Amino acid sequence: MTWRSDIRVVVGLDFGTTYSGFSYYHCEDKDVGCIKVNHEWPENTGLGILKTNTVLQYKDGFEEVELWGHPALYKHKPVLPEPLNYKKVITDYLHEIGKLIKETVKSYWIHIKFMENVLLIATVPAEYSESDKAIMRECIFNAGLIGDIHSEKLQFTTEPEAAAIYCMHSSLKEHELAKPGTNFMVVDCGGGTMSS
């Protein structure tokens, strides 16, 4: 039996420089229209937004996260304090959003064992190198979202690839354009960046 036969839920994680979010899908649904996008965030403003700010606020000493997401938002970007480094901050943010991901998956599918039955697919910018992906893998592992740093239950896809796959299984089908020879372009206008 391979690890793939244990997968029951797929979680898509979009860790962005400005905003982050996630979606989840039970493999028995067979229809990508059943993908659920999280819209419940800490101190949700009631707007039903699909992402939250990629921001952390630490307690004194910078050992423990006090707030994350929108509640931690500053009006200006502070300089990263001396005891912190980018890997710790990324890991801490992924740990906080990871707690919400695990709670959300459990609220829909109570018998799902996260480390056994969940495939995590993280989007990365198209220009990420293998070294960049290795850093993200290390941070995701240290955040407790995978049980082994070399786990195949963590896969990466580029942001444009994820958008193209979604378009092929939703909008193109909806407009009866999902046939060989159909050309389309994906333009990703994100939090301060644009790619196609």
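**Figure 1. Overall view of the predicted chain.** Helices, taken as H or I runs of at least four residues, and strands, taken as E runs of at least two, are DSSP runs numbered from the N terminus. In this predicted model, the chain has five helices and 10 strands. For its 196 residues, a compact globule would have a radius of gyration near 16 Å, and the 18 Å of the chain agrees with that expectation. The C-alpha trace spans about 55 × 40 × 40 Å along its principal axes. Of the 196 residues, 36% count as buried, while the accessible surface of the chain comes to about 12,200 Å², with 55% of that area belonging to carbon and sulfur atoms. When contacts between residues at least 6 apart in sequence are considered, 57% of them join residues at least 24 apart. The side chains include 19 positive and 27 negative ones, and the centres of these two sets lie 4 Å apart.

**Figure 2. Close-up of the aromatic pair Phe22 and Trp41.** Rings of Phe, Tyr and Trp are paired when their centres lie within 6.5 Å, and a pair with planes over 60 degrees apart is edge-to-face. By this rule the count comes to nine aromatic pairs. For Phe22 and Trp41 the ring centres are 5.7 Å apart and the planes stand at 85°, so this pair is edge-to-face. Because Phe22 belongs to strand β2 (residues 19–26) and Trp41 to the loop between β3 (36–37) and β4 (52–53), the pair ties together parts that are 19 residues apart in sequence. Phe22 and Trp41 are both buried.

**Figure 3. Close-up of the aromatic pair Trp68 and Tyr93.** The ring centres of Trp68 and Tyr93 lie 5.6 Å apart with their planes at 85°, so this pair is likewise edge-to-face. Trp68 sits in strand β6 (residues 65–68) and Tyr93 in helix α1 (residues 86–108), so the pair ties together parts that are 25 residues apart in sequence. Trp68 is buried, as is Tyr93.

Figure 4. Phe62 is found in the loop between β5 (56–58) and β6. Although Phe62 is not a glycine, it has a positive phi of about 60°. With a relative accessible area of 28%, Phe62 is partly exposed, because that class covers what lies between buried, under 20%, and exposed, over 50%.

Figure 5. Ser5 is placed in the segment before β1 (9–15). The relative accessible area of Ser5 is 34%, so this residue is partly exposed. In sequence, Ser5 and Asn117 are 112 residues apart, whereas in space they are 8.7 Å apart, C-alpha to C-alpha.

Figure 6. Asp29 is found in the loop between β2 and β3, and its relative accessibility of 33% makes it count as partly exposed.

Conventions. Residues numbered from 1 in each chain as written. Predicted model: local features only at pLDDT ≥ 70, side-chain atom pairs only at ≥ 80, totals over all residues. Heavy atoms only, no water. Phe/Tyr/Trp six-rings, centres within 6.5 Å; stacked < 30°, edge-to-face > 60°. Buried < 20%, exposed > 50% of the residue type's maximum accessible area, 1.4 Å probe, protein only. Rg over C-alpha atoms; globule rule 2.2 N^0.38 Å. Contact = heavy atoms within 4.5 Å. Areas by Shrake-Rupley, 256 points an atom, 1.4 Å probe, with all protein chains shown as cover. Lys, Arg positive; Asp, Glu negative; His and termini not counted. Charge placed at Lys NZ, Arg CZ, Asp CG, Glu CD.
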